[in-house]
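Let us walk through a protein structure together, one step at a time. Keep the picture in view as you read, and look for each part as it comes up.

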Amino acid sequence: MKRTLVLSTLAVASTLALAACGEATDATTDATTSATSTTTTTPETTETTTATTEADGEISADHNDADIMFAQMMIPHHQQAVEMSEMLLAKEGIPAQVVEFAQGVIDAQGPEINRMNAMLEAWDQQPVTDSGGMDHGKMGGMSGMMSQEDMTALEEAQGTEAARLYLEQMTTHHEGAVDMARDEVADGQNPHAITLAEQVISDQEAEISQMKQMLTDL
């Protein structure tokens with residue numbers, strides 16, 4: 001009788017243990033399924049963020065003739081500033097602060113040239129890509145542009161005299177760029193072009209003041 005009771009008790013205990021095991025397994029499976037479900041949503045969030053970022057960088061197609069003229073004229077204007085700066089950096093005996101300034105012109109205006117060419121392409125216009133062999137004689141009438149004689153004088157100058165001539169020419173050059181940018185702000189339509197024009201005004205007016213101080217220090 002006692003043996004039968006012990007066996008019955010063991011049977012009940014085994015049944016309860018198996019039931020508990022089954023419940024634990026189900027809980028583990030549910031937790032794993034839930035974790036997997038949560039993980040699969042991550043790529044969708046990443047893709048949405050990337051798409052939004054790319055869309056923010058797109059150039060608006062809205063534009064008018066003033067926007068086109070601004071880009072088509074400012075690109076060669078910037079190209080000449082870069083050419084003048086590279087010409088100066090190739091010389092010896094240039095004061096360090098003028099060297100640093102000239103390098104800053106290259107670093108700032110190179111990306112702006114690329115941005116304006118991207119604008120032209122967005123407006124179905126041909127980009128302005130010829131940065132070499134510029135006809136300075138024909139461009140002398142553009143606001144602030146140096147003539148061929150001006151460029152020759154800079155090329156032949158050396159040392160402190162070259163630095164002085166560069167700063168004088170670049171001041172005039174910047175003043176022309178500011179005038180062109182103001183025209184774009186007044187007459188342009190494309191928001192990206194207007195924003196760039198406002199940046200040109202802000203940056204180059206500050207640089208004009210800086211160059212005037214450097215001329216005083218020479």
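Before we look at how helices pack, we need one idea: an axis is a line fitted to the C-alpha atoms of a helix over the stretch in contact, and the angle between two axes runs from 0 to 180 degrees between their N-to-C directions. Please also bear in mind that what you see is a predicted model.

Start with the overall plan. The protein has eight helices and zero strands, so its pattern along the sequence reads α-α-α-α-α-α-α-α. Of its 218 residues, 33% count as buried.

Now find helix α3, residues 65-89, and helix α4, residues 96-122. Their axes lie 8 Å apart, and the two helices pack at an angle of about 155 degrees. Angles over 145 degrees count as roughly antiparallel, which means that α3 is roughly antiparallel to α4. The crossing of these two helices, α3 and α4, is left-handed. Which classes of residue make up the contact of α3 with α4? There are 17 nonpolar residues, along with eight polar and two charged ones.

Helix α3 has another partner to look at, helix α6, which covers residues 148-156. Here the axes come within 10 Å and cross at roughly 20 degrees. Because angles under 35 degrees count as roughly parallel, α3 and α6 are roughly parallel to each other. The crossing in which α3 passes α6 is right-handed.

Move along to α7 and α8. What angle do these two helices make when they pack? The angle is about 155 degrees, and their axes are 8 Å apart. That value makes α7 roughly antiparallel to α8, and their crossing is left-handed. In the contact of α7 with α8, 15 residues are nonpolar, three are polar and nine are charged.

While you are at α8, pick out Ser202, which lies in this helix. Ser202 has a relative accessibility of 45%, so Ser202 counts as partly exposed. Ser202 and Val178 are 24 residues apart along the chain, yet their C-alpha atoms are separated by 8.6 Å.

Next, let us turn to the spaces in the structure. Rolling a probe the size of a water molecule over the atoms shows where empty space is left. The largest pocket has a volume of about 160 Å³. Its lining is made of Ala66, Met69, Phe70, Met73, Ser143, Met180, Asp183, Glu184 and Asp187. The elements that give two or more residues to this lining are α3 and α7, the latter spanning residues 159-187. By class, the lining of the largest pocket has five nonpolar residues, one polar and three charged.

A cavity is a space where the probe fits but cannot get out. How many cavities of 30 Å³ or more does a search of the whole structure find? It finds one. The largest cavity has a volume of about 60 Å³. Ala108, Gln109, Glu112, Asp203, Gln204 and Glu207 line the largest cavity. Helix α4 and helix α8, residues 191-217, each supply at least two residues of that lining. The lining of the largest cavity divides into one nonpolar, two polar and three charged residues.

Notes: Residues numbered from 1 in each chain as written. Predicted model: local features only at pLDDT ≥ 70, side-chain atom pairs only at ≥ 80, totals over all residues. Heavy atoms only, no water. Helix = DSSP H or I, 4+ residues; strand = E, 2+ residues; numbered from the N terminus. Parallel < 35°, antiparallel > 145°, perpendicular 65-115°, else oblique. Left-handed = near helix turned anticlockwise from the far one by under 90°. Nonpolar A, V, L, I, M, F, W, Y, C, P; charged D, E, K, R; others polar. 1 Å grid on protein atoms, 1.4 Å probe; cavity = no way out; pocket = protein on both sides within 12 Å on 5 of 7 lines; lining within 4 Å. Points joined across faces, edges and corners; volume = space filled by probe spheres on them. Buried < 20%, exposed > 50% of the residue type's maximum accessible area, 1.4 Å probe, protein only.
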